[in-house]
Amino acid sequence: MSFETIITILENNWPMFLRGAYITLAIAVISTIIGAFIGFFIGIMHTIPAAKRSFKTGVLKIFNFILSVYVEVFRGTPMMVQAMVVFYVLYAYGIELDRFVAALVVVGLNTGAYMAEIVRGGIVSIDKGQYEAAQAIGMNHFQTMVFIILPQVARNILPATGNQLVMNIKDTSVLSVISVTELFFQTKSIAGANFKYAESFAIACLIYLIMTFIATRLLRLMEKKLDGPDSYKVENTTAAAK
Amino acid sequence: METVIDIKHLSKSFGQHEVLKDVNFSVQKGEVVCLIGSSGSGKSTLLRCINLLEKPSGGAIIYNGENILDDKHDIEKYRTHLGMVFQQFNLFNNLNVLENCIVGQQKVLKRSKQEASEKALKYLKVVGMEKYQHAKPRQLSGGQKQRVAIARALAMDPDVMLFDEPTSALDPEMVGEVLKVMRTLAAEGNTMLIVTHEMEFAREVADRVVFMDKGVIVEEGAPEQVLADPKHDRTKEFLKRTLK
């Protein structure tokens with residue numbers, strides 16, 4: 001393995017690497033967003049206070065059971081297998097999904113299953129006093145969640161969500177089994193053509209590292225931004241006295 | 001005198017444990033009532049039952065001639081008529097001081113943003129916190145948080161202010177600033193129901209003192225009478241312990 005070879009491979013194949021990185025990043029970012037939405041939805045459904053026995057509560061219970069099954073299945077099986085099952089089962093029924101769309105479905109649903117637990121944990125960890133204060137000024141459950149609880153949950157689970165994004169950037173590599181042209185798949189093609197496996201994958205490794213590093217830094221920045229400044233402006237109401 | 005809240009035969013149990021037993025009690029308009037008693041006597045539970053943060057097991061709470069424990073009663077609307085101040089402040093952590101005082105007015109009472117901020121600033125001025133309107137709760141001291149919490153409750157224009165041990169979680173040097181605000185409110189004729197351990201404060205501002213023990217109201221009356229010349233042994237014993 002030599003440095004010159006790496007440069008040569010890069011020179012000859014940089015559009016393919018770039019395209020692979022682009023697809024990887026696109027799948028990771030979009031499916032993390034999809035997953036976050038799914039996660040919030042399930043987290044909210046699971047924390048609706050059980051009212052008195054009624055038809056609505058019954059429906060909610062059944063619905064929540066289905067959601068629990070989804071979470072268990074997607075957390076309990078490898079994503080590589082999920083990708084195969086989703087793609088080829090649908091294929092067997094004559095539905096040929098675009099491979100990129102299939103990738104979004106698999107990674108999105110997978111992330112959603114993990115995010116559901118993260119969001120639920122985030123909601124449960126909010127101090128009971130926040131709910132009580134919201135109720136005491138007459139807010140209903142929906143208002144309490146939207147204006148008071150969820151904004152705090154979103155902030156609190158941001159580090160965990162960032163973790164999911166980083167994991168998704170790396171784990172998209174398993175999608176090569178359904179021939180999604182992400183970075184791993186592209187690298188395999190490049191290496192298959194030039195027989196320089198070590199050098200080609202060293203490049204891929206570096207690209208993955210750069211992507212995850214930048215993602216982590218950006219998320220850290222976002223956290224800081226959400227927290228707002230440490231100091232606050234003191235409204236000068238006694239200006240006339242001076 | 002006009003009765004604001006009338007409580008009849010109220011009871012509350014947590015499982016086997018009976019916390020409130022047949023409590024009868026009412027608050028008149030403009031009256032300042034202090035609830036005293038040792039911890040576990042049920043005074044906080046009574047206050048929390050009044051705005052239904054705890055669901056009473058039995059009895060009735062009459063507000064505006066209607067029993068709000070009826071199934072079909074609009075609890076959320078009823079709660080807007082009661083201002084609640086908690087021991088642990090419970091300011092909304094995601095909002096700054098001004099937003100804390102606005103959010104309920106805007107989202108629940110559907111006031112315009114302008115009207116809501118004017119009202120919020122008016123009450124922040126009353127509690128002396130208008131300077132800190134841009135601060136987040138985590139940047140404030142306990143006493144400051146509690147004053148904001150009082151302004152938040154007042155901004156809803158409630159009929160009654162409920163205080164659940166408002167100074168119990170404060171450092172001693174911050175108790176004064178909160179009590180001072182409450183004295184002002186009492187002097188302005190606000191209807192207030194206060195659960196407190198501050199006997200001096202109760203003696204000074206209360207129109208009526210209610211002593212509770214083991215889930216029942218043992219004695220109530222003017223502060224001079226209940227605090228200085230109690231009739232019941234249990235009241236005497238409690239006062240001896242606390243006034244030491």
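# A walk through a predicted two-chain model

B:Lys8 is partly exposed, with a relative accessible area of 37%. This model is predicted, so read every position as computed. B:Lys8 has a partner, B:Asp6. Their side chains meet in a salt bridge, 3.8 Å from N to O. B:Asp6 is also partly exposed, at 23% relative accessible area.

Now turn to a second pair in chain B. The side chains of B:Glu31 and B:Arg208 form a salt bridge of 2.8 Å, N to O. B:Glu31 sits in the loop between strand S2 (17–28) and strand S3 (32–36) of chain B, while B:Arg208 belongs to strand S9 (residues 208–213), so the bridge ties together parts 177 residues apart in sequence. Are these two residues buried or exposed? Both B:Glu31 and B:Arg208 are buried.

B:Asp213 meets B:Arg234 at 3.1 Å, N to O. B:Asp213 lies in strand S9 and B:Arg234 in helix H9 (residues 233–242) of chain B, 21 residues apart. The two ends differ in cover. B:Asp213 is buried because its relative accessible area, 11%, is under 20%. B:Arg234 is partly exposed, at 37%.

Salt bridges also join the chains. A:Lys128, A:Glu132, B:Arg48 and B:Glu54 are linked in a network of them. Over all chains, the count comes to 16 salt bridges.

A:Glu132 leads us to helix H5 of chain A. It is one of the buried residues of H5(A). Seven of the nine residues of this helix are buried, so H5(A) is largely enclosed by the rest of the structure. What do its buried residues pack against? In chain A, they pack against H4 and H6. In chain B, they meet helix H1 (43–50), helix H2 (75–80), strand S6 (82–85) and helix H5 (142–154). After H5(A) comes A:Gly138, with a positive phi near 95 degrees.

Next is helix H6 of chain A, residues 141–156. At its start, a side-chain oxygen of A:Asn140 reaches to within 3.2 Å of the backbone nitrogen of A:Phe142. Further along, the helix has a kink of about 45 degrees at A:Ile149. Buried residues of H6(A) include A:Met145, A:Ile148, A:Ile149 and A:Leu150. The buried residues of this helix pack against H1 (3–46), H4 (99–124) and H5 (128–136) of chain A, together with H3 (97–107) of chain B.

B:Asn94 lies in the loop between S6 and H3 of chain B. A polar atom of its side chain is 3.0 Å from the backbone oxygen of A:Phe147. B:Asn94 also touches A:Ile148, A:Pro151 and A:Gln152, among others. Its relative accessible area is 18%, so B:Asn94 counts as buried.

A:Thr111, in helix H4 of chain A, has a relative accessible area of 0%. Its contacts beyond four places in sequence include A:Ser31, A:Gly35 and A:Asn168. B:Val195, in strand S8 (residues 192–195) of chain B, is also buried at 0%. B:Val195 is in contact with residues including B:Leu35, B:Leu47 and B:Phe163.

Finish on the surface. A:Met80, A:Val81, A:Val85, A:Val89, A:Tyr93 and A:Ile95 form a nonpolar patch there. Together they have about 570 Å² of accessible area. A:Tyr93 sits in the loop between helix H3 (79–92) and H4 of chain A. At 69% relative accessible area, A:Tyr93 is exposed.

Methods
Residues numbered from 1 in each chain as written. Chains lettered and ligands numbered in written order. Predicted model: local features only at pLDDT ≥ 70, side-chain atom pairs only at ≥ 80, totals over all residues. Heavy atoms only, no water. Bend = angle between axes of the 7 residues up to and from the residue. Helix = DSSP H or I, 4+ residues; strand = E, 2+ residues; numbered from the N terminus. Buried < 20%, exposed > 50% of the residue type's maximum accessible area, 1.4 Å probe, protein only. Contact = heavy atoms within 4.5 Å. Polar contact = N/O pair within 3.5 Å; in protein donor to acceptor, adjacent residues only side chain to side chain. Patch = residues over 30% accessible without salt bridge, like charges linked within 9 Å, V, L, I, M, F, W, Y side chains within 5 Å. Areas by Shrake-Rupley, 256 points an atom, 1.4 Å probe, with all protein chains shown as cover. Salt bridge = Lys/Arg side-chain N within 4 Å of Asp/Glu carboxyl O.
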